[in-house]
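Dear colleague,

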Amino acid sequence: MFVLAVSNLIHKKVRSLLSVLAVAIAITLLLVLVGLSHGTLNEVSQRMQSVEAEIVVRDRHFDLGSMSGGKLWEKEIPHLLDIKLDEQTKPSPADSSKTSTANISPPAIERVIPVFLGRMKLAGLSQNVFGVYPEDFPCFAGPRRLLEGVLFKDMDSPESAVKLFDTEAAQSDQSTDYIPLIIDQRLSRASGLHVGDSADFGVIPARIVGVVETGVAGRVFAPINMLRGANGISARTAHLFFIKAQKSLNTDQLQQLCEKIQQTTHRSAILVANYSQVLRDNFRNLTIFVNLVSVIALVICFLFIVVTIHTSVLERSREIAILHSLGASRSLILMQTIHESLIICSLGTLLGIVCAFGARWLIQTLQPLMTVQMRFSWLLIAAVIGLVGGILSALYPGYLALRHDPVETLSFE
Amino acid sequence: MTDHIVTTEKLCMTFRNSRMTTPVLFDIDLEIKSGEYVAIMGPSGCGKSTLMHILGLMLTPTSGRLILDSQDTVDLSPDKRAHLRRSKIGFVFQRFNLLPTLTAYQNIAIAERIRGHNLDGQIDRALASVDMTDKAQYKPGQLSIGQQQRIAVARAISHQPALVMADEPTGNLDSANSQRILQLFRDIHQQLGVTIIMITHSQTAAQQADRIIHITDGKIIHP
């Protein structure tokens with residue numbers, strides 16, 4: 001029966017090809033949209049998780065999506081460093097009248113790494129600039145190598161910042177200093193910027209001093225004092241505190257520490273490991289939108305297949321009647337329409353997957369900072385959607401085929 | 001054990017739709033022996049094609065009994081009727097009814113696949129029996145009408161059915177091709193011993209049958 005389905009599809013080449021293309025477009029759209037949204041979120045969260053810290057603290061009004069909102073104060077750092085986890089001693093049943101005693105443990109936080117965020121345009125895209133203290137940069141770089149240039153060492157003295165942000169000097173072009181920037185390898189490739197190249201931070205000149213391997217939290221780093229100055233802020237504020245906890249703390253204790261930070265500082269604290277989920281929650285509406293567009297594309301595509309197979313059934317009522325006369329069972333006739341639909345959807349899915357890889361290459365070539373993720377599980381899901389959609393699309397035309405009166409059809413001699 | 005392959009008792013057929021009721025066959029009592037060659041004749045609209053469709057299990061009669069190869073068929077489910085049809089019956093139609101997208105070989109092969117048979121040699125033998133081996137890879141559109149009907153005959157006999165039902169098999173053919181098809185039916189009947197029920201308008205075609213049944217106004221006319 002398969003040969004009949006194939007020969008029918010070959011017989012109507014253009015229609016079959018259009019149907020295959022419809023499925024391919026829907027599958028490509030599905031994979032690219034999902035891959036782009038998940039890829040972007042995962043890439044950002046993976047970069048944030050690369051920081052050698054366990055907790056991120058932010059103001060409750062700070063939005064992780066836009067990376068803007070309420071600020072933190074560096075003067076809060078000593079309070080954070082004082083936070084201790086209480087180790088409660090459970091009262092024994094025999095001694096239940098006594099209140100529990102708390103054994104005070106040593107401070108739970110080893111280090112607080114403030115980050116001031118700024119924005120600047122590089123490679124045609126607005127980039128978040130991570131303002132960090134030079135001595136904190138290794139916590140962001142981790143094992144990633146500096147591929148070109150130097151670190152920020154001795155580049156963030158308050159004197160240099162003052163000198164740099166003397167606006168009169170800057171406007172009269174007498175300023176000889178600049179904001180040093182370290183960018184990641186991906187941005188370097190996308191923008192073609194290398195060590196020594198200049199960039200503008202408004203009216204203030206900036207210069208690339210280093211290129212670090214891809215995977216660091218920010219695509220662009222600047223010394224924190226200079227970045228604050230460039231944004232007209234003299235106070236020692238930050239947008240994020242990365243908290244490096246004592247090594248001895250386990251996951252439960254880290255969670256307790258988060259809660260403790262929230263209680264004592266009234267700030268929002270999340271585990272870096274949960275950043276991905278928080279980001280996903282933050283972009284829930286985007287995910288819903290992407291899923292909705294994908295579903296609509298698939299529904300349109302499969303409706304197209306229903307129409308194609310339906311037309312095919314209507315055109316081939318005589319053929320179906322012949323199959324009846326040859327003794328084909330109802331299931332066999334239904335399978336005939338399902339086979340045709342499955343062939344269209346299988347080829348379409350296959351082509352769609354190939355096109356999705358092509359689209360990914362194209363997107364990442366034209367927009368190198370975009371990440372389109374392709375997971376094997378998604379390809380598998382796309383294939384299952386294609387096949388299940390193929391079967392479902394064939395059911396109604398197949399039902400119509402079964403309702404054909406073969407005698408009536410064969411009687412029109 | 002009867003040697004009748006087809007027996008009908010008080011077979012009636014009435015077509016109904018929302019607007020009208022059309023009685024077509026009335027109390028058809030018929031017995032056809034196994035291996036018999038029967039021609040059914042009658043004027044247009046007399047109900048002979050309807051009778052053929054009932055005998056071929058394509059239609060269910062409104063009332064009466066139809067026993068096919070010792071099996072009462074009236075109450076069978078559609079799938080059981082389809083099973084009986086594919087195992088016991090071969091159809092030859094006036095307009096050949098070959099699948100246009102398949103080759104001659106594939107037209108027979110698909111019938112064999114529906115019947116669940118192995119293909120080994122069966123198709124080649126069927127093609128050889130109608131002298132069409134050299135046209136096996138041709139599609140119906142590339143064959144003459146006579147050749148198409150020979151392929152249709154090959155498809156009908158490839159599984160060596162107990163009963164071949166032919167509905168005006170020469171109705172679309174010129175006299176030379178008609179003769180050839182009729183000769184084919186004679187050969188099949190003699191060599192395979194298969195029962196043939198042929199509906200025809202043609203006196204020439206009917207005369208080669210063992211028996212001629214006349215139908216008029218939905219009733220069998222006994223001479």
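The notes below begin with a sheet in chain B and then turn to a hairpin in chain A.

Please keep in mind throughout that this is a predicted model. In chain B there is an open sheet of six strands, with mixed pairing, whose order is E6-E7-E8-E3-E9-E10. Strand E6 (89–92) and strand E10 (219–221) of chain B stand at its edges and have a single partner strand each, so one side of each is left without a neighbour in the sheet. On average, and with direction ignored, neighbouring strands of this sheet are turned by 25° against each other.

The partner of E6(B) is strand E7 (residues 163–167) of chain B, and these two pair in the parallel sense over four bridges; within this pairing, B:Ile89 has B:Leu163 of E7(B) as its bridge partner. Helix H5 (residues 145–157) of chain B packs on the sheet, where it touches E6 and E7 of chain B, and its direction makes about 170° with that of E6(B). Helix H1 (residues 48–55) of chain B lies across E3, E7, E8 and E9 of chain B, and runs at about 155° to E8(B).

In chain A, strand E9 (residues 198–201) runs antiparallel to strand E10 (residues 204–212), to which four bridges join it, and A:Ala199 has A:Ala206 of E10(A) as its bridge partner. The two strands form a hairpin with two residues between them, and A:Gly202 in the turn has a positive phi of about 70°. The covered face of E9(A) carries A:Ala199 and A:Phe201, whereas A:Ser198 and A:Asp200 are on the uncovered one.

Definitions and conventions
Residues are numbered from 1 along each chain as its sequence is written. Chains are lettered from A and ligands numbered from 1 in the order in which they are written. This is a predicted model: local features need pLDDT of at least 70, side-chain atom pairs count only at pLDDT 80 or more; totals for chains, interfaces and linings use all residues. Two strands pair if DSSP finds at least two bridges between them. Axes are lines fitted to C-alpha atoms, for helices over the stretch in contact, and angles run from 0 to 180 degrees between N-to-C directions. Two residues are in contact if their C-beta atoms, placed from the backbone, lie within 7 Å. A residue is buried if 20 or more other C-beta atoms lie within 10 Å of its own, exposed if 12 or fewer, and partly exposed in between; C-beta atoms are placed from the backbone.
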